[in-house]
Amino acid sequence: MSNVEQSYDYVIVGAGVAAASAVKGIRSQDESGRIAVLGSEPDKPVYRPVLTKDLWLKDDETLEGSSLAGDLDEDDAVNLVTDTTVTEIDPGAHVVRLADGSSVGYGKLLLATGAEPRVLDVDPGPRVIYYRTAADYQLLRAVATEGSHVAVIGGGYIGSEITSSLVQNGVQVTLVLDLEDVQEQMFPRALAATLTKAFADRGVTVVHGSVEGGQEEDGGVRIRLGDGTSITADAAVIGVGVLPRTGLAEAAGLEVDNGVVLDEHLRTSDADVYAAGDVASYPDALLGRRRVEHVDHAEKSGEHAGKVMAGADDAYDYTPFFWSDILDYGYEAVGETSSRLDMVEDWKDGEVGTGVVYYLRSGQVRGVLLWNVWDSVDKARALIKETADTPVPDPESLRGRIPFG
């Protein structure tokens, strides 16, 4: 670690979207402070959404073109160090300790450690891919050529996106669902069923069941299901959710509860330690305490934390949104979009295709799904704020509140 200095004004643990955005935030307040960005992955930060979308669907998109490291590399006062593991945080001494035994001092510290995939009982190997990183993309891209066969485990956000991208590249996909339909935990049943049928119509083999085990064999992968059957493929992509990386914070005595617990300034229970991105449990101005695993939040919270670390005093009052493109469909959404909430569906011409889904609890709109409806995220936020103050007496009255455009 000879290229790491003994101390910095700011140390950022993690080298993803939140970290890159935090450097931007710091620089808006402090043009010359010394910054260290310490990432455990070997690759420099990339704009993560391209890993499941644009890199598969746009001929001119490249990993290099999606890099977030340009501004960091050009700033002489920023030291971006990859393939480096932070093993301990010592808030009392204001140092982080690295795997090689060295220590790095900080004035202000940001935890941008992100989340790690939930793992199944499948033997690890280069053809078993928990899809999160640029390296994962490169592994899958090498195997997922036209005519190859990939098993995708999980029909959530990552599973549905990568299935969509693979079939559009001529890859045969077997999609293993533990629920009846794709994105059933988020979408109303009619929409989830429509999406599942759309995958089947594009040649995806949809299989229902739980994964009991699996391993690489004969240049491919065999996935064993709970009913005793198995799937043989060239590779397996496993996307069954993630867990916030809170181990460092917890060991350091910081408050942790489904993420690192923060105040409205994104500060932890230690005055000089902050957090942002997937790992952050923050008080959302509209919805109360929550943790968000999407890139818009990583960008906005990272930049805000950087500003506050460098002297700003603004509260983080932003409610992030997220989006996806699946086959011929696209959507934007804001807030809590769980199918366990009460839902009001408003479909154009009464058919699933273009429409708005409102998610409610006790008359308050907690989230809005804009399915093939665009430029309406701000309207959705306004509705969430309005109903927080004045709950809706008749949920059906929400129909038409956000037009289809």
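**View 1. Asp296 and the residues around it.** Leaving aside residues up to four places away in sequence, Asp296 touches Tyr318, Pro320, Phe321 and Arg381. The model shown here, as in every view, is predicted. Asp296 belongs to helix α8, which spans residues 295–309. Its relative accessible area is 2%. Asp296 is therefore buried, since the cut-off is under 20%. The side chain of Asp296 also makes a polar contact with the side chain of Lys300, at 2.9 Å.

**View 2. The salt bridge between Asp73 and Lys44.** Asp73 and Lys44 form a salt bridge. Their closest N and O atoms are 2.9 Å apart. Asp73 sits in helix α3 (residues 70–74), while Lys44 sits in the loop between β2 (35–38) and α2 (54–57), so the pair ties together parts that are 29 residues apart in sequence. Asp73 has a relative accessible area of 42% and is partly exposed. Lys44, at 41%, is partly exposed as well.

**View 3. The salt bridge between Lys58 and Asp54.** Lys58 pairs with Asp54 in a salt bridge. Here the closest N and O atoms are 3.6 Å apart. That distance counts because the limit for a salt bridge is within 4 Å. Lys58 is partly exposed, with 43% relative accessibility. Asp54 is partly exposed too, at 22%.

**View 4. The salt bridge between Asp263 and Arg267.** The side chains of Asp263 and Arg267 come together in a salt bridge. The N to O distance is 3.3 Å. Asp263 is partly exposed, with a relative accessibility of 24%. Arg267 is likewise partly exposed, and its relative accessible area is 22%.

**View 5. A network with Glu88, Asp90 and Arg97.** Salt bridges link these three residues, Glu88, Asp90 and Arg97, in a network. Arg97 brings the side-chain nitrogen and Glu88 and Asp90 bring carboxyl oxygens, because a salt bridge pairs Lys or Arg with Asp or Glu.

Notes. Residues are numbered from 1 along each chain as its sequence is written. This is a predicted model: local features need pLDDT of at least 70, side-chain atom pairs count only at pLDDT 80 or more; totals for chains, interfaces and linings use all residues. Side-chain values use heavy atoms; hydrogens and water are left out. Helices (H or I, at least four residues) and strands (E, at least two) are DSSP runs, numbered from the N terminus. Buried means under 20% relative accessible area, exposed over 50%, partly exposed in between (1.4 Å probe, protein chains only). A polar contact is a pair of N or O atoms within 3.5 Å; within protein, one must be able to donate a hydrogen and the other to accept it, and residues adjacent in sequence count only if both atoms are side-chain atoms. Contact means heavy atoms within 4.5 Å.
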